Amino acid sequence: MAAEQQRGIRVTQAELLCKDECGYYGNPAWQGFCSKCWRERTRKAEADRQETGPHNDVGSPLTFSKFEEKKNMEKGRKVNTMRRLFWGGPSPPKRPESSEGQAATLKAYQSIEPGDFTSFLKLLRNPSSQRLQSRCTAFLNTMEAYHGLPVQKQSDLVQDFYQNIAVHFSSLSEVQVSQMMEHMEKLIMTRLHKWVFCHDSCDDEVKDLALQRRIRSLNWVTPHMLRVPFPDERAEVVSDPFLPAITAIIEMDAKRAPQDKLTCVCKCSQNVFQALSTSNSEPANADDFLSGLIYVVLKANPPRLHSNMQYVIRFGLPHSLMAGESGYYFTNLCCAVAFIEKLDGPALNLSPEEFEGYMQGRRAPSKRGSERQKMTRETQDQLEDLKGRQEKVDQGINALKEQLQHWVQSVQAQIDEVTSQSALAQEEIKAQSEFLQSHSVSTLTQADDVKDQSVLLLDGQESNNNTCLTEAEC
């Protein structure tokens with residue numbers, strides 16, 4: 001039981017819910033409230049501040065008070081002008097439409113599969129969706145024209161647009177309305193991403209750098225310090241089981257639509273649960289999940305994490321953050337970031353001196369308990385493996401040496417054989433040349449003898465001829 005109580009970083013379910021007890025998930029960015037309650041409180045406080053503002057400026061110069069009042073009126077006029085451009089009044093205009101057209105449009109919306117954004121875009125180009133397309137185009141053009149407004153005002157306008165455009169799908173079921181609104185969010189925010197993400201009117205970029213430096217300074221934190229369950233000794237861990245979760249959280253920055261960023265958060269969280277289930281024989285609980293998620297964030301150090309979270313909070317659909325799987329995972333991500341920002345020694349079971357030593361680089365994390373034994377065993381296994389490989393390498397070297405010696409001997413034998421054959425050939429050639437020389441001398445001698453004989457024969461014949469002539473004359 002004591003080991004079970006020490007597992008994970010404990011966050012109760014009540015701490016994840018809204019402070020107003022509305023049943024939805026709260027968020028540290030909204031001071032523990034859900035998005036709906038937070039916006040209601042913010043708007044009420046802003047309205048109270050505008051009503052009491054002129055009475056509180058008694059001690060201020062009159063010119064400054066008038067300047068502030070004029071500035072607020074100008075902002076309010078811009079916002080009201082934009083709202084009138086979208087739907088012309090407090091309630092969206094309704095265009096009369098035939099029952100056949102409504103039935104055809106309803107059937108077309110119902111035929112779209114979940115997540116099929118391409119079919120939604122094709123349906124939006126149909127004449128039956130002309131009114132919806134016109135409102136989206138007007139909203140996008142006006143938002144781009146007024147991109148200099150404070151990011152919170154832009155967030156309010158986008159959320160108002162979501163609420164008013166949802167009426168267009170009121171004839172669909174609740175699940176289908178959620179699907180259509182997710183398509184609308186992707187359509188709108190993909191266009192507005194470059195205008196509203198990390199806006200100049202907020203300090204998101206500064207907080208991104210501060211959070212990255214904070215995470216980088218905590219690179220010494222080990223899973224053991226966070227009480228992340230370790231793999232079983234019998235389990236064969238080929239690579240880091242949290243690597244898919246790390247990859248998923250890093251991919252969040254490449255997405256444009258808030259729903260796509262939430263999908264990356266859900267994918268990361270699901271991979272954390274899967275890594276925990278394969279790393280320990282006991283089932284993973286909520287505390288293990290939060291510890292694993294904190295470890296993933298520290299390991300990944302995602303780019304522009306604060307800006308991405310604020311982008312989802314400001315421009316995401318409320319139902320995606322207030323309830324469901326995506327809301328639970330995103331709330332835990334916000335808790336993980338808040339934990340990292342406030343991380344101290346007691347949270348890691350360290351004394352203030354030890355924590356400060358780690359932060360300043362004077363200390364290095366040491367292996368404890370089963371982890372040290374596991375690392376020792378792994379090192380021994382690796383040494384045994386290396387020893388076996390070394391023996392195989394030595395055997396291979398000896399075999400190569402023997403083969404090389406045999407090859408050298410065979411080559412030397414071939415060289416000797418060729419040398420001996422060459423000597424025999426030279427002797428044979430010499431003998432043949434001597435034989436040919438002696439034969440040629442004897443041939444020449446015989447030729448001389450034949451020549452002499454022929455000369456003698458000629459002389460004898462000539463003498464005979466002379467004798468015959470003499471006899472004839474006589």
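## Overall make-up

The protein chain of this predicted model contains 18 helices and zero strands. Of its 474 residues, 33% are buried, and the accessible surface of the chain comes to about 29,000 Å², with 54% of that area belonging to carbon and sulfur atoms.

When the contacts in the protein chain with a separation of 6 or more are considered, 74% of them are accounted for by residues 24 or more positions apart.

## Helix α6 against helix α9

Two packed helices are described by the angle between their axes and the distance between the axes. For helix α6, which spans residues 117–124, and helix α9, which spans residues 174–196, the axes come within 10 Å and cross at roughly 80 degrees. Because angles of 65 to 115 degrees count as roughly perpendicular, α6 is described as roughly perpendicular to α9. On the α6 side, the residues that meet α9 are F117, F120, L121 and L124, and their counterparts in α9 are M180, H183, M184, K186 and L187. Sorted by class, this contact of α6 with α9 holds seven nonpolar residues, one polar residue and one charged residue.

F117, F120, L123 and L124 are buried in α6, and they cover an arc of only 120 degrees around the axis, which puts them on the same side of the helix.

## M181 in helix α9

M181 also belongs to helix α9, and its relative accessibility of 5% means that it counts as buried, since the cut-off for that class is under 20%. If neighbours within four places in sequence are left aside, M181 is in contact with Y162, I165, A166, F169 and L317.

## Helix α10 against helix α14

A second pair consists of α10, covering residues 204–217, and α14, covering residues 305–315. The axes of α10 and α14 come within 7 Å and cross at roughly 135 degrees, so that α10 is classed as oblique to α14. The residues of α10 that take part are D204, E205, K207, D208 and L211, and they meet L305, H306, S307, Q310 and R314 in α14. By class, the contact of α10 with α14 divides into two nonpolar, three polar and five charged residues.

## Positive phi in two loops

N301 is placed in the loop between α13, which runs over residues 286–300, and α14. Although N301 is not a glycine, its phi is positive, at about 50 degrees. The relative accessibility of N301 is 19%, and N301 therefore counts as buried.

Notes: Residues numbered from 1 in each chain as written. Predicted model: local features only at pLDDT ≥ 70, side-chain atom pairs only at ≥ 80, totals over all residues. Heavy atoms only, no water. Axes fitted to C-alpha atoms, helices over the stretch in contact; angles between N-to-C directions. Helix = DSSP H or I, 4+ residues; strand = E, 2+ residues; numbered from the N terminus. Parallel < 35°, antiparallel > 145°, perpendicular 65-115°, else oblique. Contact = heavy atoms within 4.5 Å. Nonpolar A, V, L, I, M, F, W, Y, C, P; charged D, E, K, R; others polar. Buried < 20%, exposed > 50% of the residue type's maximum accessible area, 1.4 Å probe, protein only. Arc of directions from axis to C-beta. Areas by Shrake-Rupley, 256 points an atom, 1.4 Å probe, with all protein chains shown as cover.
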